Amino acid sequence: TTVARLIGSIYKQIGLLRSGHVVEVDRAGLVARFLGQTASQVHAVFEQALGGVLFIDEAYTLVRSDDGDDKYGQEAVDTLLKLMEEHRDDVVVIVAGYPDEMHTFIESNPGLRSRFSRELFFSDYSAKEVTQIFYKMCQDNKLIVDKAVLLKVFGCMQQFIKSDDCNFGNARVVRQFFERSMQRQANRLSKIAQPSLKQLSIMMVEDVVYE
């Protein structure tokens with residue numbers, strides 16, 4: 001989403017897009033229950049994106065189904081490709097998802113292979129990068145963290161990465177980890193009768209736990 005917004009803003013500045021706004025959608029926003037309705041739904045979403053960027057998250061779900069024959073999703077793809085051809089100078093379409101699934105998605109339709117020629121791959125965060133993001137969140141919330149806390153965060157993130165969780169490569173994981181740490185800090189402080197301002201602003205090692 002961040003990349004889509006950056007592209008929209010840059011393309012507007014250099015005059016390639018009229019407004020540069022971003023319309024974000026997923027399978028649920030494009031695929032209706034019946035054939036025909038899906039085409040109408042894609043048209044409506046696409047019209048909102050004209051002059052800007054249409055960002056389709058987890059695009060591979062459009063052609064993924066249990067029986068391997070998703071006619072509704074394929075109708076969405078066919079309609080999307082037709083509209084992209086008709087409005088090729090007034091919209092940028094960005095499709096996103098995990099690499100393996102996205103390669104399968106692109107190969108599912110000859111039109112997709114010919115329309116989408118640029119691929120950006122973002123590798124998972126390293127434990128060091130995640131620790132830096134965690135530290136930035138603490139700073140934004142005016143929390144004091146010492147080296148011991150950051151070492152604990154680094155160790156927790158190393159464990160998490162080794163778990164091979166396919167959802168690791170995004171900042172949401174770090175935010176949730178930070179929010180749980182904040183909750184543990186609050187629980188710890190609730191046991192202190194009258195905590196000082198300094199106590200309220202310090203995150204302790206015991207507040208950081210890998211679950």
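Colleague: How many disulfides does the count come to?

Modeller: Zero disulfides, by the rule used on this predicted model. Cys 138, for one, is in no disulfide.

Colleague: What makes the sulfur of Cys 156 too far for a bond?

Modeller: The closest cysteine sulfur, in Cys 138, is 13 Å away. A disulfide needs the two sulfur atoms within 2.5 Å, so 13 Å is too far for a bond.

Colleague: Thanks! And are these cysteines buried or exposed?

Modeller: Buried means under 20% relative accessible area. Cys 138 has 0%, so Cys 138 counts as buried, and Cys 156, with 2%, is buried as well.

Colleague: On to the rings. Why is the pair of Phe 134 and Phe 178 called edge-to-face?

Modeller: Good one to ask! Ring centres must lie within 6.5 Å to pair, and planes over 60 degrees apart count as edge-to-face. Here the centres are 5.6 Å apart and the planes are at 75°, so the pair is edge-to-face. The structure holds two aromatic pairs, and Phe 134, Phe 177 and Phe 178 form one aromatic cluster.

Colleague: What parts does the pair of Phe 134 and Phe 178 tie together?

Modeller: Phe 134 lies in helix α7 and Phe 178 in helix α9, so the pair ties together parts that are 44 residues apart in sequence. Phe 134 is buried, at 0% relative accessible area, and Phe 178 counts as buried at 6%.

Colleague: Why is Leu 6 called exposed?

Modeller: Exposed means over 50% relative accessible area. Leu 6 has 51%, so Leu 6 is exposed.

Notes. Residues numbered from 1 in each chain as written. Predicted model: local features only at pLDDT ≥ 70, side-chain atom pairs only at ≥ 80, totals over all residues. Heavy atoms only, no water. Buried < 20%, exposed > 50% of the residue type's maximum accessible area, 1.4 Å probe, protein only. Phe/Tyr/Trp six-rings, centres within 6.5 Å; stacked < 30°, edge-to-face > 60°. Helix = DSSP H or I, 4+ residues; strand = E, 2+ residues; numbered from the N terminus.
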